[in-house]
Amino acid sequence: MAENGAPQPTSLARAERFIWLTARVLEQRRFAYHFLGGSADGVDAALAAYTNPDGGYGHALEPDLRGPVSQPLHTAHALYVLDLIGRCGGQRAERICRYLTGVSTLEGALPAVHPTLRGYPAAPWLPVRDDPPSALLATGPVVGLLHRNEVWHAWLFRATDFCWRAVESLERPHPYEVLAALAFLEGAPDRPRAEAAARRLGAMVREQRLVLLAPDRAADVPVPEGFAPGEHHFAYDYAAAPGSLARAWFTDSETRRALDHLAALQREDGGWPVNRRVWAPGAALEGRPMMTVKALLTLRAYGRLTAP
């Protein structure tokens, strides 16, 4: 059953057909693992195709960055996938941390885009710079997931300090900075400090209207400057599961309306849309299956996905 409500008629069968029809092998393997009893080995094997000798991940694993070279955002996505299948530690984590050490800024944190991407296509909002600054966008999710999986490495000390400074100094964040901050706080070892920071962040999200609490008004509400039409963020974007720190930011009725909206976004072909700016055909095609798996995981976490 749904949280304070009945299940919505999300079609897992239509989603499955969409995945087999359109998805990369990685998203096919992830769908099979999460919803069809598939093996973690299959996900691991598919993810291995994106690895590089330097210990990082490339090859457009994160579709907004094209080309073969390793990038911090690719590695963040790889850790997200590995966390969901329980394979985020061991020698693999050691290799990843060695890569992260090599691409860090002088602060010991990660840039959003490392200069090695120069010459390859990338989304226009991810410019390639010769001396890029530290970015919470890349560092927060990586540090949070490594801590969540009890990985200990020398790289984490300075990177964790950077994340605390960045999160606790946020004043006018954009939604993606909030999501990166949350990803860090979900895994940060100092739980009282993380919970206090999350309460402050949640108050900011509501006061600065970084969440659309009335999904039925989406067409009438302007998006932040530089965002695509309809690029709103909803309660489920921040609180993707009931156990999230961000769940306390929203009432039961606000959460229920957001989940109703998420369920209703499933298209006739079985997939969910990408609500970010479309800048390249490949990024759009690869993004929809990723969003579909993510939507299904969120709906299932809240009891909104009925068994086939």
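A: Let's begin with the terms: helices (H or I, at least four residues) and strands (E, at least two) are DSSP runs numbered from the N terminus, and a helix has an expected span of 1.5 Å times one less than its number of residues. This is a predicted model, in which local features need pLDDT of at least 70, side-chain atom pairs count only at pLDDT 80 or more, and totals for chains, interfaces and linings use all residues. Residues are numbered from 1 along each chain as its sequence is written, and side-chain values use heavy atoms, with hydrogens and water left out.

Helix 12 covers residues 281–301, 21 residues in all. From its first C-alpha to its last, helix 12 reaches 31 Å, close to the 30 Å expected at 1.5 Å a residue. After helix 12 comes Gly303, with a positive phi near 75°.

For another helix, look at helix 8 (residues 175–187), which holds Leu182. Leu182 is buried (under 20% relative accessible area; exposed is over 50%, partly exposed in between, with a 1.4 Å probe and protein chains only), at a relative accessible area of 4%. Its C-alpha is 28 Å from that of Thr306, a residue 124 places away along the chain.

Thr10, in the segment before helix 1 (12–22), is also buried, at 7%.

Now to the rings. Rings of Phe, Tyr and Trp (its six-membered ring) pair if their centres lie within 6.5 Å; planes under 30 degrees apart are stacked, over 60 edge-to-face, and the rest tilted. That rule gives 7 aromatic pairs. One of them is stacked: Phe234 with Tyr236, 5.5 Å centre to centre and 20° between the planes. Both Phe234 and Tyr236 are buried. Tyr238, Trp249 and Phe250 form one aromatic cluster.

A charge can also sit over a ring, if NZ of Lys or CZ of Arg is within 6 Å of the ring centre and within 35 degrees of the ring normal. Arg193 lies over the face of Trp164 in this way, 4.1 Å from the ring centre.
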